[in-house]
Amino acid sequence: MISVEQALKQLFALVEPLESENVALASANGRTLAQPVFAKRNQPPFAASAMDGFAIYKSDYQIGRTLQVIGESAAGARFEYKMLEGEAVRIFTGAPVPTGADWIVIQEDVDAIGRQITIRDTRESKSYIRPAGTDFETGETLDAPQVVTPQLIALLASMNIANVNVTRKPEVAIISTGSELVMPGETPGDDQIIASNTFGLKAMLEANGANVRVLPIAHDTAPALRTAFSLTQGADLILTIGGASVGDHDLVAGVTEELGMERAFYKVAMRPGKPLMAGKLGKATMIGLPGNPVSAMVCGQIFVLPMLCALLGLGKSPAPHHSAKLANDMPSNGPRAHYMRAHVFDGVITPFERQDSALLSVLAKANALLLRPPHEDAKLAGDTVTFVPI
Ligand code: AMP
Ligand code: MG
């Protein structure tokens, strides 16, 4: 058995970032920027007013000063001429500041009569002018790799970037194995259950940038498994669920070996999730996940998501770990790393009482996996512990 850290290291050795593709900005949300992007313009491209008011000379910003309004500058339609002292131009938010003006007096601070304004208040100490390029300047760089967020899309759009290079979406094929499994919506026989973690994993991976193909369930026979594997062409990552232990009906190891898999490892010292195997199957990376619903989902968080990040070019790092204060005492841990289903709120983490790896109802309430390293001493309420948010 190897440690979680060793398993991750070996998994990372199996993958390299995928190639990139060019997509329209409107389709880029959630993708991974594969190359740096350079702003194509200044923003704002001209000195712009930050308020509705009047553009004036700062030297005219004096209580009681009366100025002649000689025109208007609106967003998209500037005042073309140079202003002089003693003059004012009606101006609106986002409009170009006329040449000569170096101050905006907000409309609340003037009395306007006909084509004249009189400054009533000089309480402001700033000009309300946004100089050209205050937000960003031409050539400013957005680094890659990074995940494209809605706020990054807004910034890219304002830089006049219509297309971006992003990492191709990793193709993931999921094979559920087990003669007891049927798809959700089917009518199960007396001895059957519904394939569940299959869909949990699909959702987890899609939410993190993968294209996921759920293949038909493979019964516990070698031909059925071979057929399932024959449907995985084009996948970057093949996940099998179940059949990975050493029982009579656990055929994944045998069939993948026969198909030529170079196995990287087989068992990991963790709870839940001990029977985990991985290796190369042609160009694809294969990870054999345990069948227990919670084990499969925990292995998804601890191993498969970091692998997905590596494929996306986001680096080869473990799932992010955070810390919180423990809500209650815990006994010492055994020889395997334990990922306890837990709930964290306001910096305090509470592990659930029931930790059986078959209990999806407990996992569904969890928002954290509380990590107990191998052989960790007993912990007291208030101690700081680490967790992986889920
Ligand atoms: P196995 O690793 O095949 O021995 O499976 C361990 C346990 O997980 C058994 O109780 C299986 O019925 C269950 N199991 C296996 N695959 C799935 C699946 N895709 N969805 C839900 N339960 C599963
Ligand atoms: Mg099975």
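Predicted model: local features only at pLDDT ≥ 70, side-chain atom pairs only at ≥ 80, totals over all residues.
## Salt bridges overall

Side chains of opposite charge can pair when their charged atoms come close. Here, the count of such salt bridges comes to 12. Three of them are picked out below.

Let's start in the loop between β5 (53–56) and β6 (66–73), which is where D60 lies. With a relative accessible area of 3%, under the 20% cut-off, D60 counts as buried. Its salt-bridge partner is R65, with N and O 2.8 Å apart. R65 is partly exposed, at 31% relative accessibility.

The side chain of D60 also reaches the backbone nitrogen of G86, at 2.6 Å. Leaving aside residues up to four places away in sequence, D60 touches R65, L67, E85, G86, E87 and I119.

## A link between two loops

Next up is R123, which forms a salt bridge with D109, the closest N and O atoms being 2.6 Å apart. This pair links distant parts of the chain, 14 residues apart: R123 sits in the loop between β10 (116–119) and β11 (129–130), and D109 in the loop between β8 (103–106) and β9 (110–113). D109 is buried, at 2% relative accessibility.

## A pair along a helix, and a network

K202 and E206 make a salt bridge too, their closest N and O atoms being 2.7 Å apart. Both belong to helix α3 (residues 197–206), and because they are four residues apart there, about one helical turn separates them. K202 is partly exposed at 24%, and E206 is partly exposed at 36%.

Elsewhere, salt bridges with shared partners join E19, R168 and D236 into one network.

Definitions and conventions
Residues numbered from 1 in each chain as written. Chains lettered and ligands numbered in written order. Heavy atoms only, no water. Polar contact = N/O pair within 3.5 Å; in protein donor to acceptor, adjacent residues only side chain to side chain. Contact = heavy atoms within 4.5 Å. Salt bridge = Lys/Arg side-chain N within 4 Å of Asp/Glu carboxyl O. Buried < 20%, exposed > 50% of the residue type's maximum accessible area, 1.4 Å probe, protein only.
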